[in-house]
Amino acid sequence: MEEPVRFTLVTGASSGIGRAIAVRLSAERNVILHGRDAAKLAETGALCSPGTRRLVWTCDLGSLDGLEASLADLMRTNDAVVDVFIHSAGALTLLPFRIMTRAQMTETMNVNFLSAALITQALLKKANNRKQLRNIIFISSTVSNFGAKAFSLYSASKGALDSLMRCLAVELAPDVRVNSILPGGLRTPMTDKMLADADLAGRMEKDYPLGLGTVDQIAGLASFLVSDESRWITGQQFVIDGGRTINITA
Ligand SMILES: NC(=O)c1ccc[n+]([C@@H]2O[C@H](COP(=O)([O-])OP(=O)(O)OC[C@H]3O[C@@H](n4cnc5c(N)ncnc54)[C@H](OP(=O)(O)O)[C@@H]3O)[C@@H](O)[C@H]2O)c1
């Protein structure tokens with residue numbers, strides 16, 4: 001029987017951090033690019049290294065119906081297995097908690113948290129992935145560990161992701177390593193509108209001892225965490241925020 005082809009699955013690969021990670025890892029790995037928009041995923045694909053393979057998985061993670069079937073079908077059709085899973089897809093819903101609707105809560109939890117849990121489960125099933133999963137990275141956020149006005153659901157979804165990360169790190173060891181990356185503020189399509197506010201951008205620049213970060217810096221950390229160099233690291237939250245959350249300057 002022929003060996004299946006190993007892939008790294010990156011959700012949210014159509015934009016921002018997920019795109020930067022997919023492009024960076026494509027230098028050495030075959031990558032499954034996930035997002036909702038095939039045209040944006042094709043743009044990511046064009047930036048990837050030509051020497052490795054690409055597959056595209058379009059799936060709306062706001063509704064979880066059919067998620068496993070759709071991923072399993074893509075893998076079976078292409079004789080692909082997934083050894084690394086990186087969940088970067090995320091939705092930023094900023095609203096005062098008292099006016100947030102149940103639909104908004106469900107959408108945020110589905111995209112940011114439950115989809116990651118269900119994809120992990122799907123990849124742990126022998127029938128789908130032949131016991132090939134070795135490494136998981138969840139893209140969380142520094143707000144997972146802190147409080148901020150209007151961030152309640154977003155923060156709760158990242159907190160759930162980090163709690164899942166720690167438990168899976170214990171439950172799946174030693175076969176699978178599981179870690180989270182907690183970025184601080186970066187310029188991506190997610191934050192473009194927020195950072196268009198010159199006052200806010202100015203305050204943020206001031207609060208970050210190393211200034212605002214870039215998606216490449218997050219991709220560099222992801223590259224380390226999937227490499228053999230990090231083989232004794234699991235169950236950790238990696239804060240990468242230019243010193244923002246340790247800065248208590250008044
Ligand atoms: N930027 C920051 O300052 C920052 C800071 C901390 C943490 N993060 C986290 O980093 C991750 C990436 O964010 P980003 O800044 O790179 O944002 P981005 O450029 O807006 O990318 C978000 C990605 O999530 C995907 N996505 C959103 N809703 C989806 C849905 N319903 N179904 C499937 N995919 C969906 C988008 O796909 P489409 O192209 O289909 O919309 C896109 O690929 C997120 O988890 C975010 O919470 C970002």
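**A tour from the ligand outwards**

Start by selecting helix α1 (residues 16–25), which gives the most to the shell around the ligand, with 3 residues. Helices here are DSSP runs of H or I with at least four residues, strands are runs of E with at least two, and both are numbered from the N terminus. You are looking at a predicted model, where local features need pLDDT of at least 70, side-chain atom pairs count only at pLDDT 80 or more, and totals for chains, interfaces and linings use all residues. Residues are numbered from 1 along each chain as its sequence is written.

Next, show the 28 residues around the ligand; Gly-16, Arg-36, Gly-90, Thr-188 and Met-190 come nearest. A residue is near a molecule if its C-beta atom, placed from the backbone, lies within 6 Å of it.

Now select Val-82. Among the residues it touches are Phe-7, Leu-9, Ile-32 and Met-75, not counting residues up to four places away in sequence. Contact means C-beta atoms, placed from the backbone, within 7 Å.

Move on to Pro-96, in the loop between β4 (80–87) and α4 (102–124). Is Pro-96 buried or exposed? Pro-96 counts as exposed because it has 9 C-beta neighbours inside 10 Å. The cut-offs are 20 or more other C-beta atoms within 10 Å for buried, 12 or fewer for exposed, and partly exposed in between, with C-beta atoms placed from the backbone.

Then find Pro-174, in the loop between α6 (152–171) and β6 (177–183). The peptide bond from Ala-173 to Pro-174 is cis, with omega near 0°.

Finish at Ala-150, in the loop between β5 and α6. Its phi is near 75°, a positive value in a residue other than glycine.

How values were computed: Two residues are in contact if their C-beta atoms, placed from the backbone, lie within 7 Å.
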